[in-house]
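Colleague: Before we go into detail, could you show me the model and take me through how its fold is read?

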Amino acid sequence: MCCDSLMGTTNSSNGHQELLEERNEEVGEMIMEAETTKVIVISGVSRGLGRALALELAKLGHTIIGCSRDKIKLDSLQLQLSNASPRNHLLFNFDVKSNESIREMAQTVKEKFGSVDIIVNNAAVVAENLKLWEIPNEIFDDVIDTNMKGVANMLRHFIPLMLPKNKGIIVNVSSLYGRIAAARASAYCSSKWGIEGLSKSVAKELPNGLTIVTLDPGIINTDASVTILGHFASQYQSPQLWYTTAYKC
């Protein structure tokens, strides 16, 4: 899942943390404000923050549409979702890098549900802590193609499902690294800076009934954070705890 953990250091200011918590609460309120259940699309749904969101939102009665390239984790999530609620949850073993796969996913969702209410673009990967000239080309490309172009693919095919109702919320998961630069994180920084710009541009293209925001979740103890931070990742909250504190209203 997403590498919010790439925010990297533990010495961020209290002011930033308070602002971050307020921002997360605002996004949570936007997602949960409706009085009826929603159809929610989550990319990178099989692990980390995406999985926590899927399970908790399913328990609240919402229908989850998700995708991931990890078939084994996706199958286990499908079972958990079925146990969590009787809704017709729909999971796809698709990679957001594939425009054709996401087009197919959106078409299937349109046929089964007609429209969607919320999109959470969460899928992301990280590269190793290397200087730019040390990162293999294919790894750099995978980060950009997943984290940025994958979001573009999701927006390209799912926004049209929202337009007839002229209502909906799009959340693009970003990072502190979408606003600052960091050594040995050039690929990830580039992708998240791209998400910030992409979101602001698309916001100007959407009708007034649709909202698009970027979300910096802070540092979360995910597989990605373990890769980057090692054992220090355990000092941070789990995705489930993050949901409880930032999303539940």
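**Reading the fold**

Modeller: The secondary structure of the protein comes to eight helices and six strands, where helices (H or I, at least four residues) and strands (E, at least two) are DSSP runs numbered from the N terminus. This is a predicted model, in which local features need pLDDT of at least 70, side-chain atom pairs count only at pLDDT 80 or more, and totals for chains, interfaces and linings use all residues. Residues are numbered from 1 along each chain as its sequence is written, and side-chain values use heavy atoms, with hydrogens and water left out.

Colleague: In what order do the six strands form the sheet?

Modeller: Two strands pair if DSSP finds at least two bridges between them; here the open sheet has the order β3-β2-β1-β4-β5-β6, with parallel pairing. Because β3 (90-92) and β6 (210-215) stand at the edges with a single partner strand each, one side of each is left without a neighbour in the sheet.

Colleague: How many bridges join β1 to β4?

Modeller: Three bridges join β1 (residues 39-43) to β4 (residues 118-121), and the two strands run parallel; V41 has I119 as its bridge partner in β4.

Colleague: Which strands does helix α2 touch?

Modeller: Contact means heavy atoms within 4.5 Å, and by that criterion α2 (residues 48-59) packs on the sheet, touching β1, β2 (63-67) and β4.

Colleague: What share of the residues is buried?

Modeller: Buried means under 20% relative accessible area, with a 1.4 Å probe and protein chains only, and such residues make up 52% of the 249 in the protein.

Methods. Axes are lines fitted to C-alpha atoms, for helices over the stretch in contact, and angles run from 0 to 180 degrees between N-to-C directions. Buried means under 20% relative accessible area, exposed over 50%, partly exposed in between (1.4 Å probe, protein chains only).
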